[in-house]
Amino acid sequence: MADVSAPEIREAYEDVRNDKTETNWLLLDYASAREDRLVLTGTGNGGLTEFKQNLQEENASFGYIRVKYANDTESTREKFIFVVWIGSGVKVMRKAKLSVHSADVKKVLSQFSIEVPANSIEDLNEDPIVVRLRKAGGASYDRA
């Protein structure tokens with residue numbers, strides 16, 4: 001089981017969800033290579049671009065991001081995504097625990113439209129994520 005009990009994790013989650021703040025992402029990492037305790041390692045207001053700059057290849061991480069996108073020239077939407085990051089340098093035992101730990105993290109970061117598994121920065125490109133969000137939201141303005 002992953003320990004997601006640190007109060008600052010819940011506070012950051014509520015901050016990202018709050019429409020009155022500019023915070024639009026948070027990042028959780030393991031406290032150490034041998035612990036299953038997660039700690040808040042970052043928050044920001046620079047969206048996916050800034051979030052990606054905070055990922056490290058040796059870490060397995062969890063992210064929660066508010067993504068704002070336009071459906072057309074008249075309307076915009078904001079949806080939340082849950083990211084499971086597995087960097088190329090993550091040890092086998094850590095990878096093996098991630099599916100169980102992901103379920104524990106989702107109990108805290110519970111409201112999101114899609115889950116985005118990522119093991120390269122390209123997996124977090126905004127355009128394909130927005131396409132998935134539109135489809136998940138039921139109002140897809142794409143012809144595909």
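User: Taking helices (H or I, at least four residues) and strands (E, at least two) as DSSP runs numbered from the N terminus, which element gives the largest share of the lining of the second largest pocket?

Analyst: Strand 3 does, with three residues. The model is predicted, so local features need pLDDT of at least 70 and side-chain atom pairs 80 or more, while totals for chains, interfaces and linings use all residues. Residues are numbered from 1 along each chain, and side-chain values use heavy atoms, without hydrogens or water.

User: Where is N24 found?

Analyst: N24 lies in the loop between helix 1 (7–17) and strand 1.

User: Is N24 buried or exposed?

Analyst: N24 counts as buried because its relative accessibility is 13%, the limit being under 20% relative accessible area with a 1.4 Å probe and protein chains only.

User: What does N24 contact, beyond its neighbours within four places in sequence?

Analyst: Its contacts (heavy atoms within 4.5 Å) include V16, G44, G46, Y64 and I65. N45, G47 and R66 are also in contact with N24. The side chain of N24 reaches the backbone oxygen of N45 at 3.2 Å.

User: Turning to strand 1, how many of its residues are buried?

Analyst: Six of the six are buried, so strand 1 is largely enclosed by the rest of the structure. On one side W25, L27 and D29 are buried, and on the other L26, L28 and Y30 are buried, so that both faces are covered.

User: Which strands pair with strand 1?

Analyst: Strand 2 (residues 38–44) pairs with strand 1 in the antiparallel sense over six bridges, and pairing requires at least two DSSP bridges. Y30 has L38 as its bridge partner in strand 2. Strand 3 also runs antiparallel to strand 1, joined by five bridges. There, L28 has F62 as its bridge partner.

User: And the largest pocket: which residues are the closest to its centre?

Analyst: Of the 15 lining residues, S32, A33, E58, K91 and R94 are the closest. Strand 1 (25–30) and helix 3 (92–108) each give two or more residues to this lining. Helix 3 provides the largest share, three residues.

Technical notes. On a 1 Å grid over the protein atoms alone, a cavity is a set of points where a 1.4 Å probe fits but cannot get out, and a pocket is an open set with protein on both sides within 12 Å along at least five of seven lines; lining residues have an atom within 4 Å of a point. Buried means under 20% relative accessible area, exposed over 50%, partly exposed in between (1.4 Å probe, protein chains only). A polar contact is a pair of N or O atoms within 3.5 Å; within protein, one must be able to donate a hydrogen and the other to accept it, and residues adjacent in sequence count only if both atoms are side-chain atoms.
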